[in-house]
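Please look over the sequence and the model before reading on.

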Amino acid sequence: MESLRIAVRYLLSRKSMGAVNVISRISVAGVAVATAATLCVLSVFNGFSHLAASRLSKLDPELRVMPAGGKVIVDADSLVAVIGGVDGVECAMPMVEERALAVYDGRQMPVTLMGVPEGFGAQSGIDDIIIDGRYLQTEGDYNCATLSVGSAISLAARPGFRAMLRLYAPRRRGRINQANPMASFRTDSLIVSGVYELEQSEYDADRVIVPLDVARKLLDYTSEATSIAVTVSAGNDAGAVAARLRELGGESLLVKDRLQQQEQSFRMIAVEKWITFVMLAFIVVVASFNVVSTMSMLIIEKQSNIATMSAMGATPRMIRGIFMWESWLISFSGAVTGLLLGVALCLAQEWGGFIKLGGDPSQLSVTVYPVALSSADVLTVFLMTAAVGVMIGWIATRGISTRPVGD
């Protein structure tokens with residue numbers, strides 16, 4: 001460890017050449033800034049991921065049972081009764097989702113029809129996201145529909161009896177009558193009882209929530225369902241309940257939690273995060289190349305020391321080891337400084353929110369950049385910076401002669 005001891009002394013001692021001190025500080029600062037930036041960017045991606053996850057709980061059930069093959073679960077009502085008896089399940093409800101055509105007061109648009117049973121309002125958080133009207137299944141003798149904000153804007157629909165919302169879905173059975181194409185569609189009329197906004201594009205764009213019986217009638221279903229929403233009773237672990245349901249359904253059913261239901265969206269966030277990490281890693285590599293110039297200047301300055309150590313029996317390998325340790329210590333100092341700076345900035349943003357999002361705050365649901373600091377990211381960034389430091393140190397000491405001048 002003699003090489004390490006000498007390297008530490010070289011790092012802490014004041015150099016006779018002022019330029020070496022300046023270049024050493026620039027090297028440490030470059031690595032520190034690049035490391036802090038990498039950690040901050042990864043933490044922002046974590047923040048957006050957590051923000052997206054928090055917005056899914058209003059309409060997505062805790063667990064969703066889906067067919068492994070095909071579009072529907074045959075005789076879903078019987079399966080609902082079986083699932084309801086599983087330990088840890090508070091409630092199970094059949095749901096139907098399918099595309100349909102909505103027409104309101106002369107305007108029309110394709111929508112995603114979401115048929116839900118009567119207990120959906122109590123089990124979901126839909127009442128918390130209603131921005132106009134109320135969530136109702138029926139009002140008097142009429143069935144009710146709750147529109148997403150995107151559907152309401154496109155159809156110019158408002159809650160009330162101003163006009164009826166007509167839904168059309170192609171008949172699944174029978175032949176098409178070319179003389180009367182409208183006979184090839186099943187239709188139903190509903191009143192608009194409410195408009196919701198989840199601030200999630202997938203749910204706000206074109207959804208229409210209707211009673212389950214209406215959806216089944218439109219789609220020629222009887223007891224079928226495209227999925228079964230499961231609510232886990234208080235005090236039970238959703239993962240353990242999901243395992244019981246997977247054992248119950250075998251290979252014919254899929255059981256997904258909230259994150260797995262939006263797997264595609266979260267996979268995209270993860271892909272973007274790690275692609276950005278790779279790009280920032282290149283910046284760390286470029287910043288670390290300042291160490292090469294630092295080593296060059298340091299070796300020139302320490303020529304007399306190199307000659308003395310060689311005369312005392314130090315091998316070229318030991319001399320190279322000194323400067324290898326020196327380069328790694330510079331990278332390590334920059335990495336630790338950058339991590340401390342990055343952690344401080346992330347915690348300040350997480351607690352204080354001093355960096356704001358651009359735009360009109362009244363039109364934004366989130367006004368500050370969301371940040372979530374992860375210990376795994378801190379460790380990943382540190383290991384990446386350490387690996388880059390070792391690589392740069394190897395390049396620096398291999399590309400520079402450590403033999404004293406005149407040999």
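Which residues have the most contacts inside the largest nonpolar core? The model is a predicted one, in which local features need pLDDT of at least 70 and side-chain atom pairs count only at pLDDT 80 or more, whereas totals for chains, interfaces and linings use all residues. Residues are numbered from 1 along each chain as its sequence is written, and side-chain values use heavy atoms, with hydrogens and water left out.

The residues in question are L113, L147, L155, L165, L167, V208 and V210, and the core to which they belong has 28 residues. A nonpolar core is here a set of buried Ala, Val, Leu, Ile, Met, Phe, Trp, Tyr and Cys residues joined through side-chain atoms within 4.5 Å, where buried means under 20% relative accessible area, computed with a 1.4 Å probe on protein chains only. At least two residues of this core come from each of β2, β3, β6 (142–148), α5 (149–155), β7, β8 (185–196), β9 (207–211) and α7 (212–218). Leaving aside residues up to four places away in sequence, V208 touches V111, T112, L113, M114, A145, T146, L147, S151 and L165, a contact being heavy atoms within 4.5 Å. A second, separate core has 22 residues, among them F277, V285, M309 and I322.

Helices (H or I, at least four residues) and strands (E, at least two) are DSSP runs numbered from the N terminus, and the protein has 14 helices and eleven strands. Strand β2 (residues 89–104) is largely enclosed by the rest of the structure, because twelve of its 16 residues are buried. The table lists its pairings, two strands being paired if DSSP finds at least two bridges between them.

| Partner of β2 | Sense | Bridges |
|---|---|---|
| β3 (residues 107–116) | antiparallel | nine bridges |
| β10 (residues 227–232) | antiparallel | six bridges |
| β7 (residues 160–170) | antiparallel | four bridges |

Within these pairings, V103 stands opposite Q108 in β3 and has R166 as its bridge partner in β7, while M93 is bridged to A229 in β10. The hairpin of β2 and β3 has two residues between the strands, and D105 takes a positive phi near 50 degrees there.

For the protein as a whole, buried residues make up 46% of the 407 residues. Of the contacts with a separation of 6 or more, 79% are between residues 24 or more positions apart.

Conventions: Buried means under 20% relative accessible area, exposed over 50%, partly exposed in between (1.4 Å probe, protein chains only).
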